[in-house]
Amino acid sequence: MTNNNNEFWQKNNFRLEPWANNYDSPIDVEELALSESEVDPTVETADWTKFSRVHSRSGCFTASQPTLPERLIFIDGRRRIDATLIGGSGNTIAYGAFGTIAVGAVLVDRTTSTATCSQFHIRRIIGFGGNQQAPETIIPCPLGSKAQLIYEPVDPYVENNPNVPKNLVQNTMLKTEALLAAQQFSLNPDTLIIRDGRLPYNSLNFTVGYVKTMHKNYLSEKYAALLWELKPGERTPIFLIKEQNRPHWSWYLKSGQAQTSSDRFGYHNLHGVVRLELSSEIPLTTAQTIADQTAYLIPEYASHPYKDPRAPQNLTPVGALERELGRRMGDAILIKRRVQNFLASVGVLP
């Protein structure tokens with residue numbers, strides 16, 4: 001730790017905000033309002049009541065069975081706010097965070113029925129709002145160990161509010177995921193990439209965004225009624241979401257298998273419904289093929305309730321990747337304690 005960095009922490013007097021974050025609910029009832037984005041639900045068919053839906057888990061198809069890719073890549077990331085910061089010089093207040101992000105991929109070779117976790121990227125970052133530049137911060141390990149915590153600075157936010165810590169960590173994770181997806185696609189363009197979460201603006205064309213939590217309803221009641229009737233392995237027609245600078249195809253499908261359906265467990269009928277996204281730069285006919293592929297593949301890799309509390313939405317390869325990423329991120333309690341001890345040891349300039 002250099003004297004200049006010590007002076008930064010002393011001058012700005014940043015201290016911890018002790019609140020923490022947990023998982024989102026699969027369905028956010030309070031926010032499940034109709035999206036403000038313009039949506040065209042008629043791009044694949046205008047009559048959703050007569051749509052031929054793929055129903056793969058029963059072994060039959062109401063549409064022709066799609067040709068499935070030999071390689072799948074599941075990409076996911078984990079983020080953690082190690083410590084939320086609030087402080088600044090004089091009477092100013094800036095929000096910031098120490099954070100850890102971990103991104104990785106699971107390569108599934110369907111020809112050999114093997115899956116391999118690889119391409120791990122673990123980063124510790126520090127950043128602030130209010131255009132406050134952050135310094136690289138090295139937190140030494142106690143007891144003479146050489147296992148330092150090195151937090152690299154990220155670009156500051158113009159905004160300066162309590163959402164800054166979450167946004168800094170989230171956006172850095174998304175950028176790292178996008179870089180990993182680009183690397184994997186360049187190695188084998190014929191691979192279908194399934195990326196956990198919504199697609200950012202600069203996603204590759206053949207990357208599928210996998211959204212397992214429902215915060216918005218993109219369909220009016222006339223079309224959304226079909227979601228309650230879906231069986232495992234069935235999908236809705238494709239619809240077009242015309243968000244500014246980010247138009248994309250989307251469809252809902254129901255994950256899971258017949259023996260773990262919502263009826264057998266007493267769950268509501270939306271349990272297991274996920275939404276997928278694909279760049280609208282892809283021709284609709286190609287998007288239809290990929291949508292049919294996901295209707296077959298997503299239930300195949302769905303998790304089981306006795307293994308994952310977020311089943312079936314959380315995919316088994318993604319769950320395994322999350323556990324490995326979490327292990328590589330380090331113990332959250334110990335790391336927060338080290339950050340806290342560091343801030344307490346820096347002191348304040350007289």
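Student: In which helix do Glu 324 and Arg 327 lie, and how many residues apart are they?
Tutor: Both lie in helix H6, residues 316–329. They are 3 residues apart, about one turn of the helix. Helices (H or I, at least four residues) and strands (E, at least two) are DSSP runs, numbered from the N terminus.
Student: What do their side chains do?
Tutor: Glu 324 and Arg 327 meet in a salt bridge, 2.6 Å from N to O. The term means a side-chain nitrogen of Lys or Arg within 4 Å of a carboxyl oxygen of Asp or Glu.
Student: What should I know about the model itself?
Tutor: It is predicted: local features need pLDDT of at least 70, side-chain atom pairs count only at pLDDT 80 or more, and totals for chains, interfaces and linings use all residues. Residues are numbered from 1 along each chain as its sequence is written, and side-chain values use heavy atoms, with hydrogens and water left out.
Student: Is Arg 327 buried or exposed?
Tutor: Exposed, with a relative accessible area of 57%. Buried is under 20% relative accessible area, exposed over 50%, partly exposed in between (1.4 Å probe, protein chains only).
Student: How many salt bridges does the structure hold?
Tutor: It holds 13. One of them joins Arg 198 and Glu 277, at 2.9 Å, N to O. Arg 198 lies in the loop between S9 and S10 and Glu 277 in strand S14 (residues 273–279), so the pair ties together parts 79 residues apart in sequence.
Student: How accessible is Glu 277?
Tutor: Glu 277 is buried, at 0% relative accessible area. Arg 198 is partly exposed, at 31%.
Student: Switching to rings. How many aromatic pairs are there?
Tutor: There are 10. Rings of Phe, Tyr and Trp (its six-membered ring) pair if their centres lie within 6.5 Å; planes under 30 degrees apart count as stacked, over 60 as edge-to-face and the rest as tilted. Trp 9 and Phe 98 have ring centres 5.5 Å apart and planes at 20°, so that pair is stacked.
Student: Where do those two sit in the chain?
Tutor: Trp 9 is in helix H1 (residues 3–12) and Phe 98 in strand S5 (residues 94–109), 89 residues apart. Trp 9 also pairs edge-to-face with Phe 342, 5.9 Å centre to centre, with 85° between the planes.
Student: Which residues of H7 are buried?
Tutor: Ile 335, Arg 338, Val 339, Phe 342, Leu 343 and Val 346.
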